[in-house]
Amino acid sequence: MSTAMTFGQKQFIPTPPEKGSFPLDHDGICKKSMVKYMNCIFSNNSNNSMCRNEAKDYLACRMEHNLMAKEDWTKLGFKEGEL
Amino acid sequence: MNRLLSINKCYLNTFRNNISRSSPVILLSKHVLPNVCVLRGTHEQKKIGSTLNYMIALGVMTVGLSYAAVPLYRIFCQAYSYGGTTGQAEADVSVSKMKAVKDRPLKIRFNADVASSMQWNFKPQQTDITVVPGETALAFYTARNPTDKSVIGISTYNVIPFEAGQYFNKIQCFCFEEQMLNPHEQVDMPVFFYIDPEFQEDPKMEYVDEIVLSYTFFEAKEGLKLPVPTYAR
């Protein structure tokens with residue numbers, strides 16, 4: 001990607017994620033939540049704003065089964081009032 | 001650099017030639033006092049000496065500047081987010097305080113790639129998602145290992161357009177760490193991200209309605225290190 005020929009062109013520099021990497025869900029524990037979320041996305045025409053509840057459920061499943069560090073919902077962008 | 005050296009040499013040669021050519025003329029004219037000749041010679045020599053010093057100083061300064069330019073440019077890029085450099089990682093505080101900008105829907109397309117030697121089947125679960133800046137979003141990729149042996153993969157990502165990359169913040173994903181897949185195993189990989197609300201304020205982003213997020217998986221071998229620059233951490 002960054003060869004000599006790309007000098008002068010804008011380069012993209014990737015950054016690591018803020019909270020690191022998700023551990024892999026090898027056993028498919030949270031697969032049900034994932035399927036629900038995907039169904040919501042498909043039925044709502046890929047609109048993320050309508051599926052925040054399902055996303056929250058999926059992340060809750062991950063946190064419960066030690067697949068994600070426990071965080072406050074506000075820190076993950078889920079405000080108290082609307083959900 | 002070479003040009004500068006040759007200019008220096010040119011100057012030196014010119015001065016040397018001037019001295020050698022003019023000195024017989026000075027010596028020939030007998031009515032000129034010898035003291036005057038000597039003084040004139042030294043004065044010319046001083047001029048030559050000082051010009052030479054200036055030239056050498058210029059050369060050294062150019063070399064020094066070219067070495068200093070690398071960290072200076074890096075600092076400049078980080079400070080002004082030039083060329084797609086993303087800013088420093090933001091604190092949780094900003095995530096909890098940010099407000100969704102409801103009137104600016106953005107379509108995020110997902111792309112998945114695999115290195116040619118990598119045998120995983122890697123694809124996004126959704127082709128696109130509509131988000132608004134300031135709202136966290138979840139997206140899924142699926143990877144399947146169809147081979148009979150465990151394969152360790154490591155991934156990197158890319159955001160197009162480049163200028164939008166500075167607003168694309170990932171809270172958690174599956175990139176930059178080795179992920180192992182057992183034989184014939186399929187796994188869902190989520191990406192949790194948000195677009196910075198400051199996206200709305202950027203005049204360059206006025207006509208940007210689509211952002212493409214592209215992940216590429218490589219096979220992790222012993223001693224393989226992805227080129228993530230240390231200053232970007």
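Good morning. In this predicted model, 53 residues of chain B are in contact with 40 residues of chain A. I shall begin with that interface and then turn to a sheet in chain B.

The two chains bury about 4400 Å² between them, and carbon and sulfur atoms give 56% of that area. Eleven residue pairs are found in polar contact across the interface, both residues at pLDDT 80 or more. On the chain B side, at least two residues each are supplied by α3 (92-97), β3, β4 (136-144), β5 (151-160), β6 (168-172), β7 and β8 (186-195). The largest share, six residues, belongs to β8(B). Sorted by class, the side of chain B that touches chain A holds 27 nonpolar, 16 polar and ten charged residues.

Which residues form the salt bridge between the chains? The rule finds one such bridge across this interface: the side chains of B:D188 and A:K31 meet at 3.7 Å, N to O.

I now come to the sheet. Chain B has an open sheet of five strands, in the order β3-β1-β9-β5-β7, and the pairing is mixed. At its edges stand β3 (128-131) and β7 (179-181) of chain B; each has a single partner strand, so one side of each is left without a neighbour in the sheet. From one strand to the next, the twist averages 30°.

Let me close with one pair of strands. Strand β1 of chain B, residues 106-114, pairs with β3(B) in the antiparallel sense, over four bridges. Within this pairing, B:R109 has B:D128 of β3(B) as its bridge partner. Thank you.

Notes:
Residues numbered from 1 in each chain as written. Chains lettered and ligands numbered in written order. Predicted model: local features only at pLDDT ≥ 70, side-chain atom pairs only at ≥ 80, totals over all residues. Heavy atoms only, no water. Pairing = 2+ DSSP bridges. Axes fitted to C-alpha atoms, helices over the stretch in contact; angles between N-to-C directions. Contact = heavy atoms within 4.5 Å. Buried area = accessible area lost by both parts, 1.4 Å probe. Salt bridge = Lys/Arg side-chain N within 4 Å of Asp/Glu carboxyl O. Polar contact = N/O pair within 3.5 Å; in protein donor to acceptor, adjacent residues only side chain to side chain. Nonpolar A, V, L, I, M, F, W, Y, C, P; charged D, E, K, R; others polar.
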